Amino acid sequence: MIEIILPALTWTMKEARVTRWLKSPGEQIEKGQPLIEVEMDKAVVEVESPGTGTLAAIMAEENTVVPFLALIGLLATEGEDVKAVAATAAGRQTAFATGIAKEAPAEEALSAVQATAAAASADGIRATPLAKKLARELGVNLAEVTDHGPSGRIRETDVNAHFLKAKAATPPVSARPLGPSGELVEISRVKRLTGERMRQSLDVAPHFWLHRDLDITELQNVRARLAPRIESAVGSRPSLTGMLVKVVGAALRRHPHVNASFDNERLLVWSDVNIGVAMATSDGLIVPVVHHADRKSIEEITRDLAELRRRSKDKDFRAQDLSGGTFTISNLGMFGIDWVDSIINPPEAALLSAGRMVRKPVVLQGDIIEIRPMVHLCLAIDHRVLDGADGSRFLQDLVEIAENPVFLLL
Amino acid sequence: MPEMTYVEALREALAEEMRRDDSVIVYGEDVKLGYAFGITRGLVDEFGEERSFDSPMSEAAIVASAVGASLGGLRPVVEIQFSDFLTLSMDALVNQAAKVHFMSGGQLKAPIVVRAPFGAVGVFRGGPQHSQSFESWFMHVPGLKVVTPSTPADAKGLLKTAIRDDNPVVFCEYKSLYGSRGQVPEGEHLVPFGKAAIRRQGTDAMIVATAPMMPKALAAAETIAKDGGWEVLVLDLRTLAPLDKDCLLTCVKQTHRVLIAEEDCKTAGVGSELAAIIAEEAIEYLDAPIVRVAGLDAPIGATAALEEFVVPDEKRIVGGVRSLFT
Amino acid sequence: MNTVAKKTGGMSKEQIVALYRRMFTARLFDLSAEELFSQGLMPSSIHSCVGEEAVPVGVCSALRADDYVFTTHRGHGWFVAKGAPLDKMMAELLGRRAGLCKGKSGSMHFVYPERGLMGSNGIVGAAPPIGVGLAMAIKYRKKDQVVVAQFGDGASSEGSIHEAMNMAGVWKLPVIFALENNLYAISVPSATVLSVKDLAIRAAGYGMPGEIVDGMDVLAVHDAAQRAAKRARAGEGPSLLEFKTYRYRGHSRGDPQYGPYRTKDEHESWVARDALKSLAAQGSLTTEEVAEIEAEVHGAIESAIEYAKGCPDPSPEEALQHIYA
């Protein structure tokens with residue numbers, strides 16, 4: 001017995017319509033002779049007989065649609081009982097449709113989608129993705145935020161402003177009844193932005209502070225010895241702050257994970273060491289940056305800082321001067337402060353502040369008491385980036401380098 | 001460091017690579033005398049007519065024959081006189097060059113470079129059929145690399161890299177940049193593909209600009225710094241395929257406000273792809289919708305006034321950046 | 001100008017047998033491929049060259065192993081003729097990783113660089129200008145190989161063909177433009193879309209000699225190709241050979257044998273001039289010799305099919321390999 005299979009006639013379709021059997025059951029046929037006419041895509045094609053014999057059973061009626069490779073008939077070969085072969089067809093018959101299956105019309109599919117979209121109605125609040133993210137982090141309910149930009153969208157700065165207002169439990173100062181008289185003073189843009197950033201920094205980054213006294217004897221010695229050469233080279237003398245930039249740069253190279261930022265559950269470890277130095281201006285606090293501080297000499301740092309101070313005075317900063325920082329140093333010694341627990345400059349991980357130099361008695365080896373120039377250091381740390389042990393190791397290393405400047409040669 | 005024009009930098013790149021490797025040949029219409037924009041001028045004096053020569057006016061065969069020559073072991077750098085005429089080479093680029101390596105199961109390679117001047121504005125005001133830049137068409141074809149230098153240093157470094165790359169490269173030069181001057185490092189200067197360059201630092205917003213828009217983007221950033229006090233980062237992607245997605249997204253995360261500047265028509269341009277990438281992978285970092293400043297959806301007319309109406313200028317970029325803060 | 005190629009009877013018995021074997025292999029390969037397609041085993045369509053075998057076999061018999069051939073979607077015959085391995089060809093048709101192109105190309109983009117088969121092409125008319133480029137490289141490196149750029153009467157209307165011929169003509173490149181005129185471009189009779197009846201006359205328009213050759217006579221094809229190759233190697237430039245031939249089967253699988261655009265009569269008139277029959281007659285092959293050759297070829301094709309059926313498919317991830325070098 002030979003099976004008559006509808007061959008795969010083309011690769012652009014999967015089925016065809018059987019239109020005409022050219023032989024009837026009981027008739028003889030030879031291999032290669034046309035046996036069936038099949039219609040595809042409006043063209044009629046002949047299908048040849050797969051063998052020589054008697055057509056025993058037709059299993060796909062005319063005008064039915066048959067998938068390629070389906071069984072559509074049986075041939076009895078020489079010597080076989082045609083009726084017996086025909087009888088086996090019954091158990092193997094597939095039901096073929098008379099029409100080609102229709103796909104759901106495109107219009108129906110589209111309206112279904114539109115209906116679902118309409119049902120999932122917008123909550124009516126327009127906020128930028130960053131604002132939404134910040135609101136989540138700060139626990140702000142966007143529905144309560146009344147500030148927005150000219151476009152009507154709630155922005156990061158609006159969420160911040162709302163957060164500030166919400167935190168202030170007291171009503172606006174100017175609304176106090178029967179209070180002392182005063183006048184409203186404008187705050188510079190720099191001061192306002194700084195305030196916002198500091199609030200955000202404290203609220204988003206869990207701060208802790210490590211303290212340590214630094215003996216600056218050796219640092220002052222080195223500074224004094226280098227001063228004449230540096231002054232003749234770049235026109236100004238190295239400051240204590242400049243020495244600290246150099247020391248911190250070296251320490252950060254040895255502790256790369258301090259030179260990092262917290263970014264959405266991961267640490268972004270910066271490859272460049274760019275140290276910002278806090279400076280007070282008439283407009284407020286700015287933090288110009290010494291780029292690649294780890295790779296610069298004290299002479300170069302001195303030159304950079306002098307230039308940054310000049311630009312600050314002349315209000316002549318370039319873009320690079322105020323951006324790209326990865327760590328900040330704040331020296332309040334000149335304001336007579338012993339120490340300060342600073343707020344980290346976001347998105348950095350840490351900030352080193354220094355207080356004024358105070359001559360204190362210290363107990364050295366062999367219980368000898370000496371008067372030494374001491375500066376109090378405070379390292380503010382973002383606990384998401386470093387824990388107490390990491391921070392302490394860094395601060396300890398930093399102090400060791402500062403008290404033994406020869407280690408800068410390593 | 002020596003200073004030279006974008007054209008001179010390209011010419012140096014070609015000459016250096018031809019000296020280094022005798023399988024590098026250069027041809028196209030008017031290439032022998034360098035009569036179109038001058039890049040190939042003088043090469044025939046040093047390398048002879050076998051290596052720097054004119055071809056018939058047959059953009060399809062110019063690129064297809066380059067594919068064939070590369071199958072025979074040469075590294076052809078062919079010139080199509082205007083980017084607009086690449087339409088005549090599309091089968092050779094898209095169905096042939098880009099797919100040779102794949103269709104042969106990795107057995108064959110097509111290391112060709114197809115150079116053409118793209119874009120509007122500049123010395124040559126060409127009108128609708130001589131001013132287009134459809135880099136996005138080529139970005140869309142896997143197998144092609146798409147390179148877009150914006151400075152003379154990058155023009156030289158990227159062309160040398162393109163010639164040494166084993167893949168077909170569409171090298172997009174820009175008419176408006178041909179006369180620009182810049183410093184070009186001495187010695188063997190190669191710029192890798194897929195590494196963007198931050199041309200200006202900033203944290204308040206960013207502009208990612210296609211090559212012809214880079215000068216306008218930088219000027220706009222300066223204007224904004226002076227007037228508004230905002231510092232705008234300006235990013236130069238340098239190559240569109242491969243694309244430095246990491247750098248793009250890092251800058252987005254740093255600045256939160258993105259403006260995409262491109263010269264050619266906005267619809268389905270390079271900016272659409274960049275905006276989609278940013279929206280897919282960094283949407284939570286955006287504090288404003290992405291702004292695209294692009295050419296208007298119109299052919300570029302043949303007069304200065306018409307061209308200037310359609311092609312974006314510094315003012316439109318500045319306006320766009322301002323809207324990022326609303 | 002319109003020279004009709006003369007037949008050469010100067011071949012040895014072995015050469016005649018080899019030609020017969022090659023032609024029969026090409027024919028049986030494509031017939032078997034069609035059957036495999038009917039059994040649903042072939043992932044993409046195929047374009048049979050049954051009836052036209054004398055052209056690839058005749059041309060390739062005049063070439064060296066290191067000469068190059070660019071062919072079309074109807075190119076299996078050229079691969080058989082130039083000695084590509086049957087088993088790898090079959091495996092490629094079935095989309096297996098062991099195929100010529102690791103299963104990536106299917107029937108239309110076969111390559112076999114070891115024998116100078118630098119690409120079949122699915123874009124009609126695209127390969128000849130690529131072939132011209134390869135000829136440029138040959139000339140640049142001062143080698144003496146020849147490039148055969150094969151295309152059909154339908155392709156002859158594509159602009160790329162004219163660009164290729166002009167370029168080859170002006171630069172005197174070692175190219176043989178092998179035009180298989182089988183009178184139809186899918187369903188369109190050439191007579192209705194070509195501005196001339198004999199395409200060989202266009203050669204003059206491109207600065208090269210043109211010849212009309214009886215594509216059903218493998219010896220005539222061989223002779224014409226040999227002369228064109230000699231010209232090319234001597235640095236005299238390209239030639240255009242127009243082979244008049246006929247495809248027996250439809251354009252591709254799914255296209256019926258000759259309706260609705262061809263007649264049975266026309267079909268039968270070409271079958272009467274069948275290249276295999278005519279070679280057997282010219283070479284005085286006995287029925288036993290023919291049967292022996294055909295049995296051998298059947299065996300070879302069957303083992304190629306067995307091999308191919310046993311090969312594994314490429315893994316899906318390979319879809320992303322070889323996009324960039």
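What covers the buried residues of α8(A)? In this predicted model, the cover includes four elements of chain A, namely α6 (217–234), α7 (240–254), β12 (275–277) and β15 (289–290). The residues of α8(A) that count as buried are A:I298, A:I301, A:T302, A:R303, A:D304, A:L305 and A:L308. An α-helix has 3.6 residues a turn, so residues three or four places apart point the same way.

The length of this helix can be checked against a simple rule. Helix α8 of chain A runs over residues 298–314, and at 1.5 Å a residue its 17 residues should span 24 Å; the C-alpha atoms at its ends are 24 Å apart, which agrees. After α8(A) comes A:K315, a residue whose phi is positive, near 50°.

From this helix the reader may turn to the place where chain A meets chain B. The contact draws 15 residues from chain A and 14 residues from chain B. On the side of chain A that touches chain B, helix α3 (residues 129–138) of chain A gives the most, with four residues. By class, that side of chain A divides into six nonpolar, six polar and three charged residues.

Chain B itself contains 12 helices and 14 strands. For its 326 residues, a compact globule would have a radius of gyration near 20 Å, and the value for chain B is 19 Å, which agrees. Along the principal axes, the C-alpha atoms of chain B fill a box of roughly 60 × 45 × 40 Å. Buried residues account for 57% of the 326 residues in chain B. Among the contacts in chain B with a separation of 6 or more, 79% join residues 24 or more positions apart.

The domain assignment divides chain B into domain 1 (3–183) and domain 2 (197–323). Taken over C-alpha atoms, the centres of domain 1 and domain 2 of chain B are separated by 26 Å. Where these domains touch, 25 residues of domain 1 of chain B are in contact with 23 residues of domain 2 of chain B. On the domain 1 side, the elements of chain B that give two or more residues are α6 (135–139), β6 (145–147) and α7 (152–164). That side of domain 1 of chain B has 12 nonpolar, nine polar and four charged residues.

Chain B also meets chain C. Here 32 residues of chain B are in contact with 31 residues of chain C. Three helices of chain B, α3 (59–71), α4 (90–97) and α5 (100–103), each supply at least two residues of the side of chain B that touches chain C. The largest share of that side, nine residues, comes from α3(B). Its classes comprise 14 nonpolar, 14 polar and four charged residues.

The account ends with chain C, which has 11 helices and nine strands. The radius of gyration of chain C is 19 Å, close to the 20 Å that the globule rule gives for 325 residues, so chain C is as compact as a globular protein of that length. The box filled by the C-alpha atoms of chain C, taken along the principal axes, is roughly 50 × 50 × 40 Å. Of the 325 residues of chain C, 57% are buried. Residues 24 or more positions apart make up 77% of the contacts in chain C that have a separation of 6 or more.

Methods. Residues are numbered from 1 along each chain as its sequence is written. Chains are lettered from A and ligands numbered from 1 in the order in which they are written. This is a predicted model: local features need pLDDT of at least 70, side-chain atom pairs count only at pLDDT 80 or more; totals for chains, interfaces and linings use all residues. The expected span of a helix is 1.5 Å times one less than its number of residues. A residue is buried if 20 or more other C-beta atoms lie within 10 Å of its own, exposed if 12 or fewer, and partly exposed in between; C-beta atoms are placed from the backbone. Two residues are in contact if their C-beta atoms, placed from the backbone, lie within 7 Å. The radius of gyration is taken over C-alpha atoms; the globule rule is 2.2 Å times the number of residues to the power 0.38. Ala, Val, Leu, Ile, Met, Phe, Trp, Tyr, Cys and Pro count as nonpolar, Asp, Glu, Lys and Arg as charged, and the others, Gly among them, as polar. Domain bounds come from an automatic or database domain assignment.
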